[in-house]
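Subject: Handover of a structure and notes on its contents

Dear colleague,

Please find below the structure that I am handing over to you. My notes on it follow directly after.

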Amino acid sequence: MGSVEAANKDANESLTEKNPTVVFVLGGPGSGKGTQCANIVDNFQYTHLSAGDLLRAEIKSGSENGTMIQNMIKEGKIVPSEVTIKLLQKAMKESGNDKFLIDGFPRNEENRAAFEKVTGIGPAFVLYFDCPEEEMERRLLSRNQGREDDNIETIRKRFKVFLESSLPVINYYDAKGKVRKINAARSVEEVFETVKGIFGPKNEKVNHYVRLMSKLYMYKFHFVSKTKFGNHCLPC
């Protein structure tokens with residue numbers, strides 16, 4: 001156990017030393033966040049990491065970890081936050097980049113708290129693609145991707161899960177002034193014009209400042225936690 005904990009600590013330190021820019025990308029199914037992430041990657045040199053894609057890739061790899069994830073999903077269990085976070089950490093480290101779009105994560109408050117605690121990294125901001133449910137439903141039903149979950153009943157269940165689980169995360173960061181809300185009901189081109197205003201050079205200094213303040217906050221969080229509760233009560 002000691003060697004595993006030491007490896008995780010080393011991975012955390014190597015990431016935090018880079019002072020990475022992390023942007024959480026959230027939005028309901030059909031909000032168009034995947035398309036906009038691709039545009040951001042092409043224009044602003046971010047690395048796009050999808051929590052769902054990483055889990056599926058791990059399952060496909062046939063690894064012991066992948067088998068465990070697959071079995072949990074089959075049994076209807078929720079994959080522990082730490083499992084997803086470790087996959088994100090690994091992908092971040094291997095990318096060689098220091099700017100990341102984390103798509104579809106955190107899905108809930110437990111994910112959010114675990115990510116900040118395990119990695120010691122807070123997001124520069126949250127990019128929230130706000131789109132009416134009727135429009136997202138129309139998009140999902142009209143797209144021709146052959147996805148099994150693109151039927152009206154499942155789509156509405158996904159909407160409900162998003163509202164119940166992810167909106168509290170958005171509200172949490174909104175209270176800290178970290179949410180960049182985008183009207184995603186418009187065309188791809190119109191939405192990206194707004195996105196460019198957020199990621200463009202004029203906001204680079206602001207984003208850098210927010211990143212530094214997030215890092216200072218996380219250092220303070222870890223110091224206070226260890227001082228108040230002790231290392232054994234809050235393992236990393």
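Two residues are said to be in contact, or to touch, when they have heavy atoms within 4.5 Å of each other. The model is predicted, so local features need pLDDT of at least 70 and side-chain atom pairs count only at pLDDT 80 or more, whereas totals for chains, interfaces and linings use all residues. Residues are numbered from 1 along each chain as its sequence is written, and side-chain values use heavy atoms, with hydrogens and water left out.

Overview

Of its 236 residues, 42% count as buried. Buried means under 20% relative accessible area, exposed means over 50%, and partly exposed lies in between (1.4 Å probe, protein chains only). Among contacts between residues at least 6 apart in sequence, 76% join residues at least 24 apart.

Asn 111

Asn 111 lies in helix 6. An unreviewed UniProt entry covers this residue with the annotation "binding site"; UniProt positions are given in the numbering used here, feature names are shortened, and annotations may be inferred rather than shown by experiment. Asn 111 counts as buried because its relative accessibility is 8%. Leaving aside residues up to four places away in sequence, Asn 111 touches Ser 81, Ile 85, Phe 105 and Pro 106. With Ser 81 there is also a polar contact, side chain to side chain, at 2.6 Å. A polar contact is a pair of N or O atoms within 3.5 Å; within protein, one must be able to donate a hydrogen and the other to accept it, and residues adjacent in sequence count only if both atoms are side-chain atoms.

Gln 36

Gln 36 belongs to helix 2 (residues 33-44). Its relative accessible area is 3%, so Gln 36 is buried. Residues up to four places away in sequence not being counted, Gln 36 touches Phe 129, Val 188, Val 191, Phe 192 and Val 195.

Helix 8

The buried residues of helix 8 are Ile 155, Phe 159, Phe 162, Ser 166, Val 169, Ile 170 and Tyr 173. Their cover includes strand 1 (21-27), helix 6 (109-119), strand 4 (125-130), helix 7 (133-142) and strand 5 (179-183).

Yours sincerely,
A colleague

Conventions. Helix = DSSP H or I, 4+ residues; strand = E, 2+ residues; numbered from the N terminus.
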